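The sequence and the structure come first.

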Amino acid sequence: MVDFLQALVDGVMLGATYSLLGLGFTLIFGVLRRLNLAFGPTILVGIYAGSHVGLAWPGALWAVVAATVVAAILCGIYVERCSFRALARQAPVVSMISTFAVWMQLQELVSLFEASRTMPYPSPAWLPALTVGPILLRSDALLMWSGATAIMLALFVLLYRTRFGTAVRAVADSSEAATLMGVNVSVIGAAAFLLASTVGGLAGVLIAQSQQQVTPYFGLWATVKGLTAMLLGGAGSLPGAVAGGVILGVVETQTLWHFGGQWRDLASFALLFLVVALSPRARSEPTL
Amino acid sequence: MSDYAVSLLVRIGVEAFVALSAYLLLVIGRISFGQQAFFVIGGYAAGIATALYGAPLAVGIMVGAVAAGVAGALLSAVMAPAGGIYFAAGSLAFGELVRVALLSFHYQVPVGADLTGPAGADGFRGIRALFTGGMSVTTYMLAVSGLLAVTSVVIVLLLSSRWGEAMRMVGEDETASASLGVRVRRVAALTMAGAGALAGLGGGLFVHYVTYIEPGHSDVMLGVHSLAYAFIGGLGTPLGPIIGVALDIGLLESFRFLAGYRMIVFGGLVMGLLVVRPRGLLDEVAVHRLSRLVAWGRR
Amino acid sequence: MLEVREVVTSYGMIQALKGVSLAAREGEVTCILGPNGAGKTTLLYTIAGILRPRSGSISFQGRELAGTSAADVVGRGISLVPENRLVFPHMTVRENLLAGAYVRLGRDRAGVEADLDAMFARFPILKQRAGQAAGTLSGGEQQMLAVARALMARPRLLMMDEPSLGLAPLVVEQIFQIVQGLNREGITVLLVEQNARLALSIAHHAYLLEQGRIAFHGTPSEVSANEGISRAYLGIKGG
């Protein structure tokens, strides 16, 4: 029973970061109706940038965070300009193809800058671990979870309590109607992109500091996690992405505890697979 | 012909099969990031047939294609109803699922003095049917090219038949197609099986050329590249993906100074091309114009 | 208040509006009649800034409007209730209304809240459904929501595209009574309608748009007096 609870708690904490990744995908897909496949790779560039800064200035954690987020945002602007804005009049699938051309580029960019493939990522050393009864809350996991939750809360305040947020949700619901309300749809689209890149960069910081390293495989990994979280909750739904992330996290950690490491990845792919096979939304989604 | 040129042509041929596989699915309106899974399934199956059970080379490769085709048909039972990004994400998951599953796949059989066969993460080595059979590499390359040519002709014929019409209808609008009597499920299943077989064929050809295969060959980049080839080459004809492959591997590879920057340049080319020609170089309009030119030339 | 002069709007090679001129006088209800495909929605979209005219001018309250972006047109005081309502389906009724006041949200939060209460008072059915997702409302309720939402921007000119489309006759009567009421309170209305009889019953001035051109305009009695028009659009034999 204790094992189950521990895994559950671990899963929820891990799931919070998956939720962030899912939110990043959802912000772009929901508002712009196009899938950004370069999202994971832009975070990858961010965490490698952070890693370099961490090596050059040990102890300057804020610089690492800033470097990660700024690099992610810069990549995000690149994607938005070249794959979305430039192709705004084309079918959504064309933007998606363009984003995976960017994926190829960013992946190669990262490998160009690396002597060795895995690099260290700094994490705060001064965090305590907590024990609540028999449940252990590791310090890095706790940071990951509290950071992700804080970001999500801020995001929801932004989206549900501000004029800007109203515009974003209006465009996501019906961009035609939003135009009639006086919303500048293309400005909101670019802003949503910026927001998604920021959230992604922050997610990258939280995940990398927890793993204390970054690998080139992160781009694909983040893409699969984010897509799964988004689709689990119903593509385009922000609360859905949060729920989807948590579900994914719980499923993964439960699988890890009961069946071991190699089954964990299998379980998360299988979950995505099940969603695709069984979700009624999947059937009604038009072919791109 | 230099060894390098031969190896280049074999690579182009092999990847062209995977690109064609992605292309077939595009015709029925499905974006797949998972064709690399069928590539690898075909490779493993072909390798098992020749290296473990002594099948002749051609038979082994056919076995690979059939195995991958069956996998495609089975997958369609689960995935065919999904559309849009669900299908794309699901196919991505399938590609990774196969890769991870293969990491635990051990199947070793004594052949001669050694144990041969898939050894999980270490892959599957010693697939030497091409080299022990006495065929020269150049002959193999010609066989691959010939097979590719025949396949392209078959696909062109298929797409201009009534069957191809049904495929295009499914790609445009499934509900409307169904109401016009198109057996959407059947079209999807057969197309996925065919696409799987094509990728598996590429896998079988690949595995005998390089003599080994490993789970890492189910690489999402392969799937992503295949789609990119289809798009830059052009959606108007199956020649499009082949041209895309040739452009990337042939052209860019030959610029040695681009080594290390190839993906960046190729990616940039794709992005630029999509702005100018969103449906690729040989899009439907270009193909139409070309065919009229040919018809005019014949007169 | 609104003057459209020789406006030409095209979709690629096809000219949808071939030089349309009309005027909507302040405080009046002006209606635009015409068959399907005549260009009525194109005209409204051109005024609303969603489409750009090839040539011609549109002036609103003395200032040129043509070329203004759709978002800025709302800011100038023109709201459009589109064909098919276009409510925000996943947002609640209340959120829809707040979204309607988007141009005012930054500077006049108190005024927006007051208007919200006023809308609920004017449209009690919306108050009942305030927390419901707009996509689940009936056609007539959505139409009322669309009108109320457009009003939240406090427009000086309210444009309506086929408000009767797809609605039961009783509901249509309700909507038109509301429109007439709004006009009496001082809102200028530009109304596109296929239901000529109903439109003429509340209009002060009418235009007939056929194949991208104004074929006729006049008061409702002038329209009914015209034999050809009344037979084609009002189903009346003889003048």
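## Fold, interface and core

Of the 299 residues in chain B, 54% are buried; a residue counts as buried if 20 or more other C-beta atoms, placed from the backbone, lie within 10 Å of its own, as exposed if 12 or fewer do, and as partly exposed in between. The model is predicted, and local features need pLDDT of at least 70, side-chain atom pairs count only at pLDDT 80 or more, and totals for chains, interfaces and linings use all residues. Residues are numbered from 1 along each chain as its sequence is written, while chains are lettered from A and ligands numbered from 1 in the order in which they are written.

The model has an ipTM of 0.84 and a pTM of 0.85. For chain C the average pLDDT (the predictor's confidence in each residue, from 0 to 100) is 87, and 97% of the residues score at least 70.

Chain B contains 13 helices and 4 strands; these are DSSP runs numbered from the N terminus, with helices (H or I) of at least four residues and strands (E) of at least two. Further values for chain B are tabulated below.

| Property of chain B | Value |
|---|---|
| Radius of gyration | 19 Å |
| Box filled by C-alpha atoms, along the principal axes | roughly 60 × 45 × 40 Å |

The radius of gyration agrees with a compact globule, because 299 residues would give a value near 19 Å; it is taken over C-alpha atoms, and the globule rule is 2.2 Å times the number of residues to the power 0.38. Among contacts in chain B with a separation of 6 or more, 77% join residues 24 or more positions apart; a contact requires C-beta atoms, placed from the backbone, within 7 Å.

Chain B meets chain A through 40 residues, which are in contact with 41 residues of chain A. Helices H3 (57-79), H4 (84-102), H10 (220-233) and H12 (262-276) of chain B each supply at least two residues of this side. H4(B) gives the most, with 13 residues.

The largest nonpolar core has 287 residues, and A:Phe100 and C:Met159 have the most contacts inside it. Such a core is a set of buried Ala, Val, Leu, Ile, Met, Phe, Trp, Tyr and Cys residues joined through C-beta atoms within 7 Å. Not counting residues up to four places away in sequence, A:Phe100 touches A:Leu37, A:Ala38, B:Val224 and B:Ala228.

In chain C, strands E9 (residues 205-210) and E10 (residues 213-218) pair in the antiparallel sense over 5 bridges, pairing being defined by at least two DSSP bridges. C:Leu208 stands opposite C:Phe216 in E10(C).

Key. Two residues are in contact if their C-beta atoms, placed from the backbone, lie within 7 Å.
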